[in-house]
Amino acid sequence: GIFGMLAITSRIRQSMEADYGALLKIYGVIAILSFAALTAVGPAMTSGSISGERQTKTLELLLTTRISLKSIVIGKLEAAFYSLTILVISSIPALMLPLLYGGLGLLDVGMTIFAFLVSALMYLSIGMYAGAGRKTVQKSTVAAYGILLIFLAGTALPGMLSAPFCTENRDNMMALLLMANPFMTMLELISEQTGWGFAETLHASLNCRYFEILSGAYVWISLTIQLAISAAFTAVAIRKGRQL
């Protein structure tokens, strides 16, 4: 982010023209890279929470106390969420670099951070789900990333594959699955904040005109869906833990 800002300011000094669009691009790139790092780290932070206890044979000892399995799962999920929140907060200075020259506001950065945290909770719940039914940390970690990959692909590929078969009179309803895809939510949010036309171009290529109707509330609907998915994964993780 600093190198990008230095390059742009140097260009401004030479041309004597302020390119605010380039500053917004820096913000978008930083946000997307930070979100990609969050995606890479998230599932691993909880995938070994239950399986690690089972692997070291300490889960049975925990269950002999008055602490319920539900409390154990939620407690470990909360601890991992707090740790991941610290990582998200540490990215705020980089995200706020473009604010030095305007074009974005604190509410924009705050909304981006909120979207980070909602997606982080979903990633952690997926890791918790993967670890609840396995006995080793290695297997649960591989399963967590496998589930995440299947989820991301499963919400993107159906709409992409069905797009060529849709017409002006037949919308691509399968593309609505993208509303559960955290990467698409982040791209939509960044497009709204920076004026990028990437999200609109993608919607048009998928022949899904439903997105135009939902454009005003797309991000909020997507975040609500992610919270529901997080709750579902956590509930199933608790149930699977009780069965083993």
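The model is a predicted one, in which local features need pLDDT of at least 70 and side-chain atom pairs count only at pLDDT 80 or more, while totals for chains, interfaces and linings use all residues. Residues are numbered from 1 along each chain as its sequence is written, and side-chain values use heavy atoms, with hydrogens and water left out.

We can begin with the chain as a whole. The C-alpha trace spans about 70 × 50 × 25 Å along its principal axes. Of the 244 residues in the chain, 42% are buried; buried means under 20% relative accessible area, exposed over 50%, and partly exposed in between (1.4 Å probe, protein chains only). Contacts, defined as heavy atoms within 4.5 Å, were also examined by sequence separation. Among those between residues at least 6 apart in sequence, 76% join residues at least 24 apart.

Accessible areas come from the Shrake-Rupley method with a 1.4 Å probe, and for residues only the protein chains shown count as cover. A nonpolar surface patch of about 390 Å² is made by I2, F3 and L6, and L6 has its place in helix α1 (residues 2-15). Patches are made of residues with over 30% relative accessible area and no salt bridge, with like charges joined within 9 Å and nonpolar side chains (Val, Leu, Ile, Met, Phe, Trp, Tyr) within 5 Å. A salt bridge here is a side-chain nitrogen of Lys or Arg within 4 Å of a carboxyl oxygen of Asp or Glu.

As for charge, the chain has 16 positive and 12 negative charges, and their mean positions are 20 Å apart. Lys and Arg count as positive and Asp and Glu as negative, while His and the chain ends are not counted. The place of a charge is taken as NZ of Lys, CZ of Arg, CG of Asp or CD of Glu.

Two residues of helix α2 come next. I26 lies in helix α2 (residues 20-41) and counts as buried at 11% relative accessibility. Leaving aside neighbours within four places in sequence, I26 is in contact with G1, G4, M5 and I8. I26 and A94 are 68 residues apart in sequence, with 9.6 Å between their C-alpha atoms. L24 is also found in helix α2 and is buried, with a relative accessible area of 12%. The C-alpha atoms of L24 and T46 are separated by 34 Å, although these residues are 22 apart along the chain.

Further along, G127 is found in helix α8 and is buried, with a relative accessible area of 0%. Beyond neighbours within four places in sequence, G127 is in contact with P43, T46, S47 and A144. G127 and G52 are 75 residues apart along the chain, and their C-alpha atoms are separated by 12 Å.

K135, by contrast, is exposed, with a relative accessible area of 60%. K135 is found in the loop between α8 (106-132) and α9 (137-162). With neighbours within four places in sequence left aside, K135 is in contact with S51, R54 and Q55. K135 and E53 are 82 residues apart in sequence and 8.6 Å apart in space, C-alpha to C-alpha.

Methods. Helix = DSSP H or I, 4+ residues; strand = E, 2+ residues; numbered from the N terminus.
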